[in-house]
Amino acid sequence: MIAVIKQGVTDNQIENLIAWLETQKVHVHISKGEYNTVLGLVGDTTNVDMELLQNLEIVENVMRISEPFKNANRKFHPDNTIVDVSGVKIGDGHFAVIAGPCSVESHDQILEVAGAVKQSGATLLRGGAFKPRTSPYDFQGLQADGLELLKEAKKVTGMPIVTEIMNANHLPLFEDVDLIQVGARNMQNFELLKELGRTKKPILLKRGLANTLKELLMSAEYIMAGGNEQIILCERGVRTFETYTRNTLDLSAVPMLKELSHLPVVVDPSHASGISRLVKPMALAAAAAGADGLMIEVHNNPAKALCDGAQSLTPAQFDDVMRGVTRVREALEL
Ligand code: PEP
Ligand code: MN
């Protein structure tokens, strides 16, 4: 349920209303927009007398929210959320590009790629340290050593770092990670999501391989219910009957998610297509669709990559994509 407060109402009056609502065992989320303040009521709202609330002098309108996601819902928070990743903003016109290798492989590899993507305009550095591989015999990532190398690249380049967590027990290792990624395979690892809800770290939440947008938003809700509202949603393609591409990029997810939610939405054209030559057209299309950012895999030698070489761009190809994305955004005045 939401209650839209009339303009000109004092903070004191709003606080009194919140205190009264909280006696009815609901949690009240407050969103102060440019024009209106919206109170979002989360929890069991059956005891709240909607008519009484509607008739209060300071209340403009009361509505029930039919969607099961509340905190993530745009009705709760009409303005776009801006997520601040150690000084790099994403959302509400702030466009961020996350680039780097699928996996951190060595000191020289991550430093070389980091320097190159920064030069081309990437704002955040990615690199997998704990890798979710389909086969247990494939390279599993450098794990804690990989995190150390990422931190070194951050020190040298100044770029905030993004890397995937697979196990909540690893959280102490992620203290210096700026944006924690939840991979597609863990989108519905609810215990992990609950733990991340208790942290203060921004979270990059990737859509599961076969999950609906509602399920993605419900996973965001798990994190937000714990008090962490710094979430970036990521469309990375879903599994369909198509086999020429690794996944099928669902670009309609971008405007749909932005309509349903206030959270920023980024697109990963690398995992979505699995083919390096498709990354540029998909990145341009994502920018045109209104994405708040991109996540692109870049390797200094894709042919020798230990993971996802076929979809990785060379630094020169990435530079070309960045130029194209800038032109698209300028043309559309985004
Ligand atoms: C990744 O970004 O490295 C990754 C494994 O992606 P996804 O979880 O989308 O497959
Ligand atoms: Mn990858």
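Buried means under 20% relative accessible area, exposed means over 50%, and partly exposed lies in between, with a 1.4 Å probe and protein chains only. Both Cys 102 and His 271 are buried. This is a predicted model, in which local features need pLDDT of at least 70, side-chain atom pairs count only at pLDDT 80 or more, and totals for chains, interfaces and linings use all residues. Residues are numbered from 1 along each chain as its sequence is written, chains are lettered from A and ligands numbered from 1 in the order in which they are written, and side-chain values use heavy atoms, with hydrogens and water left out.

**The metal site**

- Four residues coordinate the manganese ion (ligand 2): Cys 102 (SG), His 271 (NE2), Glu 297 (OE) and Asp 308 (OD), at 2.0 to 2.4 Å.
- Donors are N, O and S atoms within 2.8 Å of the metal (3.2 Å for Na, K and Ca); water is not among the atoms, so sites may look incomplete.
- Along the sequence, the donor residues follow the spacing C-x168-H-x25-E-x10-D.
- Cys 102 sits in the loop between β7 (96–100) and α3 (107–120), while His 271 is in helix α8 (residues 269–273), so the pair links parts of the chain 169 residues apart.
- Helices (H or I, at least four residues) and strands (E, at least two) are DSSP runs, numbered from the N terminus.
- Asp 308 lies in the loop between β14 (293–297) and α10 (315–331).
- Asp 308 counts as buried because its relative accessibility is 18%.
- Phi of Asp 308 is near 60°, a positive value in a residue other than glycine.

**The nonpolar cores**

- A nonpolar core is a set of buried Ala, Val, Leu, Ile, Met, Phe, Trp, Tyr and Cys residues joined through side-chain atoms within 4.5 Å.
- The largest core has 63 residues, and Val 117, Leu 125, Leu 205, Leu 233, Ile 296 and Phe 318 touch the most other members.
- Helix α6 (residues 213–225) gives this core its largest share, six residues.
- A second, separate core has 17 residues, including Val 9, Ile 18, Leu 53 and Ile 58.
- Leaving out residues up to four places away in sequence, Ile 296 touches several residues, among them Ile 98, Arg 126, Pro 269, Leu 313 and Phe 318.
- Contact here means heavy atoms within 4.5 Å.

**Pocket and cavity**

- On a 1 Å grid over the protein atoms alone, a cavity is a set of points where a 1.4 Å probe fits but cannot get out, and a pocket is an open set with protein on both sides within 12 Å along at least five of seven lines; lining residues have an atom within 4 Å of a point.
- The largest pocket has a volume of about 220 Å³.
- Its lining has 19 residues, and Pro 132, Arg 185, Arg 246, His 271 and Asp 308 lie nearest its centre.
- Two of these, His 271 and Asp 308, also coordinate the manganese ion (ligand 2).
- The count comes to one cavity of 30 Å³ or more.
- The largest cavity is lined by residues including Arg 74, Asp 92, Lys 258 and His 262.
- For these volumes, grid points are joined across faces, edges and corners, and a volume is the space filled by probe spheres set on the points.

**Other residues**

- Glu 333 is found in the segment after α10.
- Glu 333 is exposed, because its relative accessible area is 73%.
- Glu 152 is in helix α4 (residues 144–157).
- With a relative accessible area of 32%, Glu 152 is partly exposed.
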